[in-house]
Amino acid sequence: MPERLRVGGAVLERFALLICWLAVIAVFGALKPSSFLTLSNFGSMFGSQAVLVVLAVGLLPVLKAGDYDLSIAGVLTLSGMMVAVINAKYGLPIVPTVLLALLMGLVVGAVNGFFAVKLGVDSFIVTLGVGTVLQGIVLDISGSQTLSGVSDHLVDNVIVRTFLGIPLAFYYGLAATVVMWYVFQHTVAGRRLLIVGRGRNVARLSGIGVSRIRFLAFVVAGLMSALAGVLYAGTTGGADPTSGLSFLLPAYAAAFLGATSIVPGDFNAWGAFIAVYFLVAGITGLVILGAETYVQNIFYGGALVVAITLSRVSRRRVRAVA
Amino acid sequence: MAADRPPVLDLRGAGKRFGQAWALHDAGLRVEAGEVHGLLGENGSGKSTLIKILSGYHSPEPGASLTVNGTPVPLPASAAELRNRGIGFVHQDLGLVPSLSVLENLYATSFATRGGFDRVPWRRLRDEAAALLAEHDLHVDPRTPVAELTRVQRALLAVVRALHDIRERGAGDGSPPLLVLDEVTAFLPQVETVSLLRLIRAIARGGGAVLMVSHDLDEVLEVTDEVTVLRDGVVRERISTRAASKAQLVEAVTGSAAPEHAHGGAAAAEIAPQSRVHVSGLRGGGIEDFSCSVNGGEILGVTGLRGSGHESIPYLLFGAIRAEHGALGLDDAVHPLRAMTPESAVQRGIALVPADRLDGGCIPDLTVEQNLTMQVLGDFRRRARRLDDRGLHQRCVAHLQEFRVRPPDPGLRLDALSGGNQQKVLLAKWLWRDPSLLLLHEPTQGVDVGVRAEIVQTLRARARAGLPILCADEDTEFLAALCDRVLVVARGRVVRDLVAPLSKEQISAARHAGDAVGAAAGALNA
């Protein structure tokens with residue numbers, strides 16, 4: 001293949017997801033300009049999905065280090081429920097309430113890290129178990145009820161107030177993405193994380209603190225999931241014991257789909273960010289066209305399968321070229 | 001054999017270009033029936049490319065032709081096509097599944113082509129397999145898991161399997177088979193290759209042809225009839241090895257007369273020791289009791305037969321294998337080895353180049369830079385914890401040039417480099433931050449003669465500059481060229497202490513004699 005074409009192909013691969021996203025917007029915009037191409041629709045898409053952005057971006061360090069964390073949706077749900085119970089029901093001011101929820105995320109991340117790293121248990125299974133335990137706690141503290149009445153202060157700062165027509169929540173997700181991008185791309189820690197994920201034994205024999213890095217990745221995932229839970233409570237103004245759990249699959253779909261672009265072959269923050277909005281644009285468009293809400297399941301599940309397949313194919317191709 | 005019989009393999013005009021560079025240009029290769037043919041060349045000479053064209057992995061540039069037993073075969077040929085023509089491949093990794101039995105591995109290919117729900121006649125296969133293995137002098141129970149075989153038994157099994165597949169699926173017209181062995185002996189200890197070489201000769205005696213890629217010139221001289229030598233992507237020579245000398249082969253492969261291994265044994269004594277290493281009472285990982293001291297400017301070799309425990313010593317000192325007992329004195333500090341971890345070892349300036357490049361040495365799908373700099377990243381931290389990419393890159397280029405890595409491009413994926421250049425990157429990585437002790441395990445494994453000489457040179461230069469080096473290896477020729485002293489280990493204890501001037505034969509003899517002593521001691525203890 002001529003050099004120019006190959007370089008062109010590489011650029012195309014990097015930005016394929018971004019192009020798909022714009023194409024989806026263009027198609028639905030052309031079909032339903034009056035309902036899809038409105039500021040309020042974009043505001044709601046950008047604002048409501050910030051929860052997913054924070055969750056998916058927070059998951060990336062764990063995936064990059066070669067582990068799994070399936071407890072993230074459990075942490076998100078518990079965090080949201082803690083905000084509702086502690087703030088709305090017991091009347092603790094919102095700031096300490098939020099800090100408590102974040103602390104919970106740190107602790108859960110540390111527990112995951114303890115089992116997966118210190119004791120060497122398979123992270124997939126441990127975090128599946130921990131996530132289920134958290135669901136149980138949610139049902140207990142909420143009495144299986146949906147709670148509302150979370151402080152307006154939180155709701156205002158998450159979803160009501162806007163900047164350039166888009167709720168502040170979006171900018172929190174954007175900030176999380178920028179920070180994660182910086183860490184991955186421009187810091188020593190990010191480089192070490194990459195090495196740990198690609199060659200754990202090599203990293204160990206090079207004197208890199210593999211255990212410390214993997215442990216920290218779990219703690220970051222716990223903290224970011226709790227933050228996503230706080231945003232979720234702020235977005236809905238309350239908390240229910242189950243809906244947060246449905247974020248697990250979209251977060252993985254976004255992380256893996258994101259890994260096929262921007263930095264193809266590696267989990268990366270901007271890829272995950274774009275993937276979230278690509279997926280939601282598709283779903284929103286289909287719903288506006290009259291699709292039932294179950295289209296979400298099909299879309300997210302399908303995207304995960306397609307994303308993993310694509311990353312395998314592109315890896316194989318890279319190997320064949322080399 | 002009739003003179004008018006067509007060659008088993010006749011490849012002509014094979015070329016392959018990557019971008020602007022020809023990895024292989026207009027190469028021809030002919031192998032006759034009843035012949036063991038060697039394919040020689042340094043890393044990066046086009047040898048692997050040639051094999052990959054032959055196995056159908058690469059499509060050659062237009063103009064190449066392949067004839068097998070007189071029948072033209074279009075290139076690239078599929079694996080099934082090659083098998084049907086009677087060509088079988090055994091690659092360095094052998095392609096065995098360790099957790100499955102000898103029997104299951106042996107018939108893996110036939111399972112792949114059999115109807116999915118046919119009943120597998122296990123009993124009959126077992127009897128067949130036992131007969132087949134016995135025929136080739138491989139005396140193992142077919143039910144044994146491959147993981148329990150020795151390395152040489154695994155290699156034998158892979159060769160027997162390839163042979164069996166050709167027989168089963170081959171042309172069936174009695175035309176001779178061709179077996180391609182791609183560096184199959186690379187990771188075998190020398191003493192154990194004997195049975196494999198015997199099998200290779202037996203195949204040729206039976207009228208088959210063998211094409212063999214190897215770095216080990218002694219082995220090539222012993223087993224082949226002729227060799228084809230590649231250098232810089234071009235076939236340079238065809239040499240009959242029945243009458244050739246090793247020096248002749250070295251010259252053909254490297255393109256220059258055999259490098260004299262400059263030996264620093266005498267010179268080292270004149271240099272004041274700058275750093276002193278002392279190991280005492282080391283126990284663990286197959287070592288019963290080991291003590292030694294290494295002065296700055298000195299290279300200490302540790303060797304022994306496989307399983308003697310010598311190969312654990314670098315890992316024990318580095319904390320990669322947990323020691324049960326022992327202490328490491330480094331300069332003026334003494335470190336208990338039970339508490340040593342790779343992380344603390346690195347902080348103390350200890351460097352370890354592990355033997356297995358692919359597991360523990362480097363990460364092939366990351367870039368050269370990422371592999372080279374993984375332990376010095378902290379030195380390039382700038383404001384806002386930012387990594388100084390440009391500074392890192394510049395230092396990398398300088399480093400690669402210093403270690404004569406070709407090409408010196410930090411942005412390439414590591415696996416785009418040849419094996420010898422990968423090994424240089426690995427050395428460069430560990431010598432980046434002048435260590436206070438360098439531990440090596442088989443640093444020239446799977447590396448050709450030219451690079452090997454370069455590595456000896458680099459290490460000797462570092463030793464002269466005051467770096468104490470400890471190298472565990474089984475390659476006696478390399479140890480003789482490199483070391484000032486060699487300790488021979490048997491059953492976990494030092495049984496011989498050899499001092500320069502060293503010779504290959506002397507070390508070799510001591511290893512075997514050492515084992516006899518160790519065995520006798522073991523018998524007395526039992």
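Biologist: Where does Asp137(B) lie?

Modeller: Asp137(B) belongs to the loop between helix H5 (122-135) and helix H6 (151-169) of chain B; helices (H or I, at least four residues) and strands (E, at least two) are DSSP runs, numbered from the N terminus. The model is predicted: local features need pLDDT of at least 70 and side-chain atom pairs count only at pLDDT 80 or more, while totals for chains, interfaces and linings use all residues. Residues are numbered from 1 along each chain as its sequence is written, and chains are lettered from A and ligands numbered from 1 in the order in which they are written.

Biologist: What is the phi of Asp26(B), and what is that of Asp137(B)?

Modeller: Phi is near 45 degrees for Asp26(B) and about 60 degrees for Asp137(B). Most residues other than glycine have a negative phi.

Biologist: What makes Leu502(B) buried?

Modeller: Leu502(B) has 22 other C-beta atoms within 10 Å, and is therefore buried. This residue is in the loop between strand E20 (493-499) and helix H19 (504-525) of chain B. Leaving aside neighbours within four places in sequence, Leu502(B) is in contact (C-beta atoms, placed from the backbone, within 7 Å) with Ala480(B), Cys483(B), Val486(B) and Ile507(B).

Biologist: How do you know that E3 and E8 of chain B pair?

Modeller: Two strands pair if DSSP finds at least two bridges between them. Strand E3 (residues 36-40) and strand E8 (residues 209-213) of chain B have four bridges, in the parallel sense. In one of these, Val36(B) has Val210(B) as its partner in E8(B).

Biologist: In what order do the six strands of the open sheet stand?

Modeller: The order in chain B is E6-E7-E8-E3-E9-E10, with mixed pairing. Strand E6 (87-90) and strand E10 (234-240) stand at the edges with a single partner strand each, so one side of each is left without a neighbour in the sheet.

Terms used:
A residue is buried if 20 or more other C-beta atoms lie within 10 Å of its own, exposed if 12 or fewer, and partly exposed in between; C-beta atoms are placed from the backbone. Two residues are in contact if their C-beta atoms, placed from the backbone, lie within 7 Å.
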